[in-house]
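Take a look at the sequence and the model first, and then we can walk through it together.

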Amino acid sequence: MTRETAIFAGGCFWCTEAVFQSLAGVESVESGYIGGAVPNPTYKQVCGGDTGHAEAIRIVFDPSAISYDDLLDVHFATHDPTTLNRQGNDIGTQYRSALFPLDAAQGDAARAGIERAQADWPAPIVTTIEAASDWYPAEDYHQSYWDGEGQRNPYCMAVIPPKLAKLRKGFSDRLRTG
């Protein structure tokens, strides 16, 4: 079975992870850091906004079950790609909307995905397409956060359920069953 990988940033990785792990064809979602200059950054360093990293997710998926284009469409529908270095109350370059294509085909698809999504947004999309750089997995307690601690975190309870509602409304045919 062929597997592919996609790396997206769209604000807090707890929130984006919760969305993508709900999709059929997605085999794993790992929260981490990409796009910065400091090797092996910590959450505290990235949250300080000085490392250049984005909070991001690395998605491993089965392209026969869900395409990269489908993942892009979900990405643009479940975060605000029109706010520069911000998602809601999360402000800083670490919360930027960015795509990190892993090859030329993903780069072409990323540009097409932005064009496709623009029709759904009244303001210009500011999502960047950045060269994939070293990936650093976030600390263990950040992984599958919504499935555990996130359900008791007031921030997550305010932000994640509306994202999941958008996902269910717009992409019910793409959700994992059972």
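Let us begin with the span of residues 5–156, whose end C-alpha atoms lie 26 Å apart. The span is 27% helix and 22% strand. Please keep in mind that this is a predicted model. In an unreviewed UniProt entry, residues 5–156 carry the annotation "domain: Peptide methionine sulphoxide reductase MsrA".

**The nonpolar core**

The largest nonpolar core has 39 residues, and those touching the most other members are Phe8, Phe20, Leu23, Ile59, Phe61, Tyr68 and Leu71. Among the elements that give two or more residues to this core are strand S1 (4–10), strand S2 (26–34), strand S3 (54–61), helix H3 (68–77) and helix H5 (154–171). Helix H1 supplies the largest share, with 6 residues. As general background, nonpolar side chains in soluble globular proteins tend to be buried together.

Leaving aside residues up to four places away in sequence, Phe8 touches Phe20, Ala56, Ile57, Ile59, Tyr68, Leu71, Leu72, His75, Ala98 and Leu99. There is also a second, separate core of 8 residues, including Ala9, Ile34, Ala54 and Ala98.

**Helix H1**

How many of the 8 residues of H1 are buried? The count is 8 of the 8, so H1 is largely enclosed by the rest of the structure.

**Aromatic pairs**

The structure holds 6 aromatic pairs. One of them, between Trp14 and Tyr145, is stacked, with 3.9 Å from centre to centre and 10° between the planes. Because Trp14 lies in helix H1 and Tyr145 in the loop between strand S8 (136–137) and H5, the pair ties together parts that are 131 residues apart in sequence. Ring pairs also link Trp14 and Tyr145 with Phe13, Tyr33 and Tyr43 into a cluster.

**Cysteines**

A search of the whole structure finds 0 disulfides. Cys12 is in no disulfide, and its nearest cysteine sulfur, that of Cys15, is 3.7 Å away. Cys156 is in no disulfide either; for Cys156 the nearest cysteine sulfur is again that of Cys15, 5.5 Å away.

**Gln87**

Gln87 sits in strand S4 (residues 86–87). The side chain of Gln87 makes a polar contact of 3.4 Å with the side chain of Thr83. Beyond residues up to four places away in sequence, Gln87 touches Gly10, Gly11, His79, Asp80 and Tyr95.

**Burial at a glance**

| Residue | Relative accessible area |
|---|---|
| Trp14 | 10% |
| Tyr145 | 7% |
| Gln87 | 11% |
| Cys12 | 7% |
| Cys156 | 0% |

How values were computed: Residues numbered from 1 in each chain as written. Predicted model: local features only at pLDDT ≥ 70, side-chain atom pairs only at ≥ 80, totals over all residues. Heavy atoms only, no water. UniProt positions renumbered as here; feature names shortened; annotations may be inferred. Helix = DSSP H or I, 4+ residues; strand = E, 2+ residues; numbered from the N terminus. Core = buried A, V, L, I, M, F, W, Y, C linked by side-chain atoms within 4.5 Å. Buried < 20%, exposed > 50% of the residue type's maximum accessible area, 1.4 Å probe, protein only. Contact = heavy atoms within 4.5 Å. Phe/Tyr/Trp six-rings, centres within 6.5 Å; stacked < 30°, edge-to-face > 60°. Polar contact = N/O pair within 3.5 Å; in protein donor to acceptor, adjacent residues only side chain to side chain. Disulfide = S-S within 2.5 Å.
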